[in-house]
Amino acid sequence: MTNGTRTEPDSAYGPGSSDVGDIYRRFLADLFGVMAYGELSAFERMSSDARFSPTLHDRTVLGRLAVSEYGHFERVTEHLVKLGLDPEAAMRPFQPSVDAFHDRTRPADWFESLMKFYVTDAISDDFYQLVAARLDPATAELVLALKDAEPAGEVLEARLQQALADDPRLASRLALWGRRLVGEALTQAQRVVLERAVLGGLLQGTDQGPYEDGLKALFAELTRNHSRRMSRLGLTA
C-alpha cells in the first residue's frame with residue numbers, strides 16, 4: 001500500500017478498477033475488524049476465567065495465553081492503522097454479534113470454559129487460514145503469522161486430554177458442549193459473512209450461485225476440521 005492506494009491480486013478481482021480497490025479495502029476493514037474484536041474478547045474472557053482454574057499452574061497457563069491474545073489484538077489494530085483505518089470503527093460493527101455469541105454460550109464451569117476456548121479459537125484459526133489463501137501476499141503473511149504464533153490450540157488440547165483422562169465422566173458433558181459450541185460458532189460466522197458481505201469478492205466472483213457454493217465449501221471444511229479435533233480428544237463431534 002502507498003498513500004492508501006493498493007494493487008489488488010488479479011486472481012481475486014482482476015486488474016485496474018478503483019471500485020475493486022474500494023471493495024477490497026472494505027473487505028480488509030471487516031476482516032481485521034472482526035479479528036481484532038475477537039482477539040480482544042478472547043483476552044478478556046481468558047483473563048477473567050483464569051481465576052477459576054483448579055490449580056495455580058492452570059491459572060498461569062491461561063494467563064500466559066491471555067497475554068498472547070492481547071498481543072495479537074495489538075498487531076491487528078496496528079495493521080488497521082497502517083491501512084489508514086480506525087480500529088474502533090472497524091471493530092464496532094461486530095461487537096453486538098460477538099458479545100451475543102458469548103452471552104449464549106456461557107460455560108457452566110472451568111472445564112466447559114476450557115472447551116469453549118479450544119473450539120472457538122480453533123475454528124477462528126481455520127477460518128482465517130482458509131481466507132488467507134485468497135488474499136494478497138502481504139495480508140496473507142500477516143494473517144498466517146498470527147496463526148503460526150498462536151500457542152493456544154496445542155496447550156488447550158493437551159490440558160483437555162489430561163482432564164478427560166483424570167475424570168472420564170467429563171467426556172459426555174464436554175462432547176455435548178462441544179457440539180453446541182460448534183453449531184453456535186458456525187452460525188455466528190455465517191451471520192457475520194452474510195450481514196457484512198464479508199468474503200463477497202473473494203469467493204469465486206460475485207455471482208450468487210458460485211458465492212453460495214464457496215461459502216458451503218468453506219463451512220464444510222471448518223466442520224471437518226472440528227470433527228478431527230474432537231476425535232483427538234476421544235469425543236464425538
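This is a predicted model: local features need pLDDT of at least 70, side-chain atom pairs count only at pLDDT 80 or more; totals for chains, interfaces and linings use all residues.
User: Is α6 largely enclosed by the rest of the structure or largely exposed, and how many of its residues are buried?

Analyst: A residue counts as buried when its relative accessible area is under 20%. By that cut-off α6 is largely enclosed by the rest of the structure, because the number of buried residues among its 23 is 19.

User: With which side chain does the side chain of S113 make a polar contact?

Analyst: S113 has its place in helix α6, and it counts as buried because its relative accessibility is 5%. Not counting residues up to four places away in sequence, S113 touches D49 and P107, while its C-alpha atom is separated by 9.5 Å from that of A50, which is 63 residues away along the chain. The polar contact of the S113 side chain, at 2.5 Å, is with the side chain of D49.

User: Which residue has its backbone oxygen 2.6 Å from a polar atom of the R51 side chain?

Analyst: R51 lies in the loop between α2 and α3, and it counts as partly exposed because its relative accessible area is 47%. Its C-alpha atom and that of L62, 11 residues apart along the chain, are separated by 9.1 Å. The backbone oxygen that lies 2.6 Å from a polar atom of the R51 side chain belongs to S48.

User: Which residue with a positive phi follows α3?

Analyst: α3 has 27 residues and reaches 39 Å from its first C-alpha to its last, close to the 39 Å expected at 1.5 Å a residue. The residue that follows this helix has a phi near 80 degrees, and it is G84.

User: Which element gives the most residues to the lining of the largest cavity?

Analyst: The structure holds two cavities of 30 Å³ or more, and the largest has a volume of about 720 Å³. Its lining consists of 33 residues, with V34, G38, T120, S124 and Y128 nearest the centre, and the elements that give two or more residues to this lining include α2, α3 and α9. By class the lining has 17 nonpolar, eight polar and eight charged residues. The element that gives the most, with 10 residues, is α6.

User: Is H226 buried or exposed, and which residues beyond its sequence neighbours is it in contact with?

Analyst: H226 lies in helix α10, which runs over residues 208-232. Because its relative accessibility is 2%, H226 counts as buried. Leaving aside neighbours within four places in sequence, the residues in contact with H226 are V119, G178, V182 and A237.

User: What share of the contacts with a separation of 6 or more comes from residues 24 or more positions apart?

Analyst: The chain has 10 helices and zero strands, and buried residues make up 49% of its 237 residues. Among contacts in the chain with a separation of 6 or more, the share from residues 24 or more positions apart is 75%.

Note on methods: Residues are numbered from 1 along each chain as its sequence is written. Side-chain values use heavy atoms; hydrogens and water are left out. On a 1 Å grid over the protein atoms alone, a cavity is a set of points where a 1.4 Å probe fits but cannot get out, and a pocket is an open set with protein on both sides within 12 Å along at least five of seven lines; lining residues have an atom within 4 Å of a point. Grid points are joined across faces, edges and corners, and a volume is the space filled by probe spheres set on the points. Helices (H or I, at least four residues) and strands (E, at least two) are DSSP runs, numbered from the N terminus. Ala, Val, Leu, Ile, Met, Phe, Trp, Tyr, Cys and Pro count as nonpolar, Asp, Glu, Lys and Arg as charged, and the others, Gly among them, as polar. Buried means under 20% relative accessible area, exposed over 50%, partly exposed in between (1.4 Å probe, protein chains only). Contact means heavy atoms within 4.5 Å. The expected span of a helix is 1.5 Å times one less than its number of residues. A polar contact is a pair of N or O atoms within 3.5 Å; within protein, one must be able to donate a hydrogen and the other to accept it, and residues adjacent in sequence count only if both atoms are side-chain atoms.
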